[in-house]
Amino acid sequence: MEGKFTYSDGKFLEEPIHLIVDKKIIAESFPKESGSFVLAGPYDKGSYKLQLKDFKIKSFSTDTPGCKISSDSLSIEIPDGVTYVIFNDITLK
Amino acid sequence: MKKLLLFSLVLISISTFSQRRKKQDWIENVRCSIDPHVKVMTVLGDNFLKDTFDYFYGFGIGGNLNLYKNFGLGVEYTYFLANVKNADKFGYLGAPSMNNFDWYIFHKDKITEDFFVEEILGYSTYRMKSPYLDNPGKFSEGNGGLNFGAKAIYTIDNEGFQQVVFGTKLNFYNAKIGNQNPDIADYYSKALFLNFSLAYRYNF
């Protein structure tokens, strides 16, 4: 997974972002100052999500169909079988 | 009649003699050796193994069977450990261990009375395991690939039983990690190892 965040609060860079499958972390990274990030981890099957700790997501853009913001706005849910996804612009609230 | 009997006796004795002679030749060529070794391995090319890990350090044991003339078969088992230097592309996993078997055929050249060179061509299998940091169990991956290399062998005793072996080898690593992006699938599935080994060999 690759992508870029648009953020306003610098504290966002201090928190790890995760890929989570079935409540287990498979990848951890920190976004760069530019907001860009790369996440990679061992993935077999099932839907998974890009999880933030405290910052909520307002919107995102991607060419991959089926992705959506979770009800608590803390993550983007990605459908089963997607192994490569780019989020060009994830804007935080 | 007597002549015929004599002739057949001669024939039989010649044939048995030649058979025994042949058998002896066969056995004369068969030699065994075992060699415990240490190895250090680095990764070449553009792949996640190179970007993620430091050197792989390993130890293990090998066995060689010289079968015919200067040709033989061998196998080496090595247990490797490596440190993670950059976890970003590896996932939420701990430092790996690797079980590696190199199966090969070799050809030995005698350079001087106590110095030999062996050329090696074979196939390697790998199993790399890393603990999940977030949950119990291990993530394992691996497959195989060709290997080739050479060994320099010095005899260190008068009888020729004990030798020191310095080896270098290239091992191709092909795993089956899939991704919708073929470049990423390749990045995670293909690598090339360069390894150096030092071994003590005992012949019997």
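Two residues are in contact here when their C-beta atoms, placed from the backbone, lie within 7 Å. Keep that cut-off at hand for the tour below.

Before you start clicking, note that this is a predicted model, in which local features need pLDDT of at least 70 and side-chain atom pairs count only at pLDDT 80 or more, while totals for chains, interfaces and linings use all residues. Residues are numbered from 1 along each chain as its sequence is written, with chains lettered from A and ligands numbered from 1 in the order in which they are written.

**Stop 1: where the chains meet**

Show both chains and select the residues that touch across them. On one side you will pick up twelve residues of chain A, and on the other 13 residues of chain B. Strands here are DSSP runs of E with at least two residues, helices are runs of H or I with at least four, and both are numbered from the N terminus. Colour that side of chain A by class and you get seven nonpolar, three polar and two charged residues. For this count, Ala, Val, Leu, Ile, Met, Phe, Trp, Tyr, Cys and Pro are nonpolar, Asp, Glu, Lys and Arg are charged, and the others, Gly among them, are polar.

**Stop 2: chain A as a whole**

Chain A has nine strands and zero helices. Its C-alpha atoms fill a box of roughly 35 × 20 × 20 Å along the principal axes. The radius of gyration of chain A is 12 Å, which agrees with the value near 12 Å that a compact globule of 93 residues would have; the radius is taken over C-alpha atoms, and the globule rule is 2.2 Å times the number of residues to the power 0.38. Of the contacts in chain A with a separation of 6 or more, 60% are between residues 24 or more positions apart. Buried residues come to 27% of the 93 in chain A. A residue is buried if 20 or more other C-beta atoms, placed from the backbone, lie within 10 Å of its own, exposed if 12 or fewer do, and partly exposed in between.

**Stop 3: the five-stranded sheet**

Next, select β3, β2, β5, β8 and β7 of chain A. In that order they make an open sheet of five strands with antiparallel pairing, where two strands pair if DSSP finds at least two bridges between them. Which strands sit at the edges? They are β3 and β7 (68-69) of chain A, each pairing on one side only.

Zoom in on β8 of chain A. Four bridges join it to strand β5 (residues 48-51), running antiparallel, and A:Lys49 stands opposite A:Glu77. Strand β7 of chain A pairs with β8 (residues 75-78) over two bridges, also in the antiparallel sense. There, A:Lys68 stands opposite A:Glu77, and A:Ile69 has A:Ile76 as its bridge partner.

**Stop 4: two loops with positive phi**

Follow the β7-β8 hairpin of chain A into its turn, where five residues lie between the strands. A:Ser73 in this loop has a positive phi near 65°, though it is not a glycine. A:Ser73 is partly exposed, because 14 other C-beta atoms lie within 10 Å.

Then jump to A:Lys23, in the loop between β2 (17-21) and β3 of chain A. A:Lys23 is another non-glycine residue with a positive phi, about 70°. Is A:Lys23 buried or exposed? With 7 C-beta neighbours inside 10 Å, A:Lys23 counts as exposed.

**Stop 5**

Step along to A:Glu28, in strand β3 of chain A. A:Glu28 is buried, since 20 other C-beta atoms lie within 10 Å. Bring chain B back: leaving out residues up to four places away in sequence, A:Glu28 touches A:Pro16, A:His18 and B:Tyr92. From A:Glu28 to A:Leu39 is eleven residues in sequence and 6.6 Å in space, C-alpha to C-alpha.

In the largest nonpolar core, of 38 residues, A:Leu19, A:Ala27, A:Leu39, A:Leu50 and B:Phe56 touch the most other members. Such a core is a set of buried Ala, Val, Leu, Ile, Met, Phe, Trp, Tyr and Cys residues joined through C-beta atoms within 7 Å. Centre on A:Leu19 to finish; beyond four places in sequence, its contacts include A:Met1, A:Ile26, A:Tyr48 and A:Leu50.
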